[in-house]
Amino acid sequence: MKVFDKKQVVIFSVLIGFIFPLFAWIVELSRLNLGFGFSSIQQIHASSPVLIILDLIPLIFGLAGYFIYTFLEKKQQEADKIHNILNSQTQNINKVATFAEEIGNGRYDIEFEISDDSDTLGKTLQNLRDKLYDNNQKESLQNWEMRGKDQIGQILRLHNDVNLLSYEVLEALIKYIDVVQGVFYIYDDESNVLRISASYAYNRKKYLKDEVRIGEGLVGQAAIEKDIIHRTEIPEYYLSITSGILGEKKPDSLLIVPLFMEEKLQGAFEFASVKEFKPHEIAFVKEIAEIVARTFYNLKITEKTERLLHESQEMTQELKENEEELRQNAEEMRLTQEELEKTNTHLEEKVEEVNQSQKRLYSLLENASELITIYDAEKKLKYVSPSVHNILGYNEEEMFSGKDFDRINKKGQTIINKMFEDLLATPVDSQKIQYTYLNKHGAIMFLETTGRNLLDDPAINGLILNTSDITERKRAEKEQRMRGQMQTLSDNSPDIILRIDLSRIVFYANPAIESYTGGKAEEFNKKHISEVGLSEDMVETIDNIAEDIKKSKEKIQKEITFSIAEDNKIIMALNAIPEFSEEGRLETILFIFHDITALKKIEEEVKEKNAKITDSINYAFRLQNAILPSQKLIKQSFPDSFMFYLPRDIVSGDFPWMYEKDDDVYIAAIDCTGHGVPGAMLSLIGYFIMNQILSQPTVLSPGEILTQLHKGVQQTLRQDKEGASARDGMDVALCKVNYKEMELQFSGAHRPLYLVRDGELIETKGTRSAIGGIPKEGKPEPNFENHVFKLQKNDCIYFFSDGLPDQFGGPEGRKYFPKRIKNHILENKDMPMNQMYNLFKKDYQQWLGDEVPIDDVLLIGIRF
C-alpha cells in the first residue's frame, strides 16, 4: 500500500531542501543587519554568490527524491512479482498435492490441468493417473468377467435339464450384460436346424420363428460362418422392444454368437439392446459361449446315453414279455393244431404234399446256383427262374423288360448271338460261353452259360440256358496266378522276406534268408523266429515291431543296423506290412529286409565329398569377399549409397568393383557368364584385369577401359586363338565420378544406367556388345560408347546386373522386369539410399516367394 505518491515525495523533498537556502539567507541577513524582503535577498545574493549554489539545493533534493522514489518503486514491483510467483507456485503445489492425494484415494477420473509446460511433476502425476486409470479399468473388466463366469458356471453346475438350463443361462446373461431381449437356440443334429430353447423379454412370442435353418437369416448366417455377428443397423423385419419407459422401438444393437464345440455347432445366442455392445461385453459373451457350448455338448452326450440306456431297458422288458406271449401262443397253437390234425389228417396230408412239392420246386429254383432262362427261336425271353434275384439282383419282371441283354457289353452280346446261331445250326450240340455282366448293384460279374436247343421238346419248346456266376472262380484263378508270380518274385528276391503270425511262428521264408542263417528256407516253416538262426538283435527287432503293429495296425518302415558277426554290421531297410483276414482281424505280418549297407557307404562317401566341396567353395567365398569392395568401403567414397548384393550360390558371378585414382572414383556392376564357382572364377579374371588397366599412368574413360577389358578377357581365355571354344564373357555398367569437376562418365556393355534428376528418370543404354567372346570373322570388334554428364546436387544413379530384372516370381510367375525397378525408383525418388536398399530387398523377397533364384543379383544406387 502506497503512503505517498511520486509527486508528493518530490514536493516534500523540495521543501526539505529549501530549509538550507532559507537558513543561509537568514544568517546572511542577520550578519548584514538587513530586513527580510525581496530587495534584501537580492542584495545578499549579490554580495555572496555562494548563496546561488545553496539556492539549487531544493532542486537537487527534488531530483533526488524523484530518482529515489523511482528506484524504490521498481524494487517494490520486483518484490511484488516474486511474491506473486511464490503464491502461484504454492497454489500449484497445493493443487498437485491434492491431485496426488485424490489418486492415492483411488479417484482416477479426477480432472487436473497442468499450469504450464514446465510443470514436470504435474505431467508425471497426470501420466501416472492415466496409467492407474487404465490398469483399474482393465482390472475392473477382468473382475467383471470373472464374476460373470462364476455366475454362469454356478448355473451350469446346478441344472441338467436343457430347457431349464437354457432359460437360466439366458436370463443371467441378459441381466449381467444389461440387455433387454435375448433368445437361446439349441442345434438339432437330425433336422439341421436351430430351435428356440429359451427367450427373454419378447412380449409377442408368436412372431418369433421356432426354428432357423443353417444359413437362413442373421442367426443361420452366424452359424454357417462360425463367427459372431454384431449389427448396429437393425433389419426392418426385426422385432421391436416394448417397455413402459421406452415405449415400442427397434433395438439399437444386435449381437449373435454361435456356440461351437470341437468344430460342431451346439446352438446360438441372440441379444438385442437399446445401447451398443461394448468390446469387453462381446468378448465376455464369446467366452461364455465356449463354456456353454462345452456344457451343452456334454449334456447332449449324457442325455443321448441315458435315452439309449432307457430304450435298451424297455426293449429288454418288451422282449421278455413277447417271449412269454409267444410261448403261450405256441402252446395254444399246438393244442389247436392237434385238434385240426385229428379232424383233417387226410386232407392236410394231401395239401401238404402239394405244398411241399411246390415249395421244394420254387425253393430249388430260387436258391439254385444257376439261372435258368428259356428263349424262343427269335431270342425272345419266355421264362426266367426265381434265382435271377439272388444271382443278378433283378426280379423276373425286370428281366422280361430287357435287362437280360441291356447289361451286357458289345463283346458279350456278340458271344451270345454267336451261341444262339450255333444252337439253331446244330441242335444236337450244347454250347458253353463266358462273358461279363453288370448286375443291378453296378458290379461287374463273370457269367458262364451253357445253352441247349430243346425246341423239339414239347415240355420246353425253346432254347434253354443254364447260367452260373463264376466271378469268385475267376478271382481265385487271378489270385492264384498273382500268387504264383509273387512266389516266383519272392523266391528270386535278394531281400529277406518273412511271414510270421502274432505268436512269432514263421509261415514263409524266402531263400535269401539262407545266406544269413546257413539253413534251408523250407526248414523254417512252423518254427519260432528265435529258432531260425537269425542274430539276436534281428530277432529282438522283429519282436518289437510285431508288438508295435499289433497296437497300431499300420505299416512300419525304418532303417536298422544289425550285427551278423564280430566287427561286421549291416544296414537294412525294413518294411513290416500287416496282413488282415476277411473279417479285418490281424493274422500275419510280412517282413521285408533290404540290405542297404553298400548304398549307405556310397551316401557317406558322397556326403564327405560334398562337405569337402562345400568347404572349398566357402573358402573361395571368403577369398572373393576379401578382394571385392564392401558396402562400408563404397560408403567411404559415396556416403549416400547402397549395394543390394545377393549371390545365388555361395560364390557369385556378379561382383561390384571400385577403384580410386587421383580425383576420380571408378565403380562398376559386373555380371559374368554363369554363377557359382564358374562365375566366381570369371569374376576374378575381370577383377584383376580391371585393376591392371587402372594401374597404368594414363587417365582412361570408362569406354576405353571396357575396350581394354574386352581384349584382356579374350586374351586370358584365349578366345582370340584359332579353335577357341570358351564363349564366356561379362556384361558391365562402369561409372567414373569426379567430385571436384562434378562430372559423371558412363559406359556399358549390355547394361544401362538410370539417372534420376528433378523427379525424372533418364535411361542411358549400354553398347549392345558383351565383354569377351570369340571374335566373328568379318565383324569388327565393339566400340564401347562413352557418355558424359555434369552432376547436380541430389542427382541419383542406379546400375545393376540382369539377375534382378530376369528373376521369375510374383502371383503370375512372371519376370521382375526393368519397368518394376524404374517404378520403385520414381515412386521413392526422395527416399534415402539406405531405405531404398530395404525397399528393394523386401520387394525382391516377396516377389521371389517360393520360386528358386535363377541368377546372382547386384544393384548399386548412389545419391550425389
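This is a predicted model: local features need pLDDT of at least 70, side-chain atom pairs count only at pLDDT 80 or more; totals for chains, interfaces and linings use all residues.
Local features require pLDDT of at least 70 and side-chain atom pairs pLDDT 80 or more, whereas totals for chains, interfaces and linings use all residues. Residues are numbered from 1 along each chain as its sequence is written, and side-chain values use heavy atoms, with hydrogens and water left out.

Phe12, Ile16, Ile19, Phe20, Leu56, Leu59, Ile60, Phe61, Leu63, Tyr66 and Phe67 form a nonpolar surface patch with about 1,100 Å² of accessible area together (Shrake-Rupley method, 1.4 Å probe; patch residues have over 30% relative accessible area and no salt bridge, with nonpolar side chains joined within 5 Å and like charges within 9 Å; a salt bridge places a Lys or Arg side-chain nitrogen within 4 Å of an Asp or Glu carboxyl oxygen). Leu63 belongs to α4 and counts as partly exposed because its relative accessibility is 44% (buried is under 20%, exposed over 50%, partly exposed in between).

A patch of negative charge on the surface comprises Glu311, Glu314, Glu318, Glu321 and Glu325. Of these, Glu311 is located in helix α8 (residues 279-343) and, at 35% relative accessibility, is partly exposed.

Buried residues of α18 include Leu682, Tyr687, Ile689 and Met690. In helix α20 (residues 817-827) lies Leu826, whose C-alpha atom is separated by 6.9 Å from that of Gly759, 67 residues apart along the chain.

Terms used. Lys and Arg count as positive and Asp and Glu as negative; His and the chain ends are not counted. The place of a charge is taken as NZ of Lys, CZ of Arg, CG of Asp or CD of Glu. Helices (H or I, at least four residues) and strands (E, at least two) are DSSP runs, numbered from the N terminus. Buried means under 20% relative accessible area, exposed over 50%, partly exposed in between (1.4 Å probe, protein chains only).
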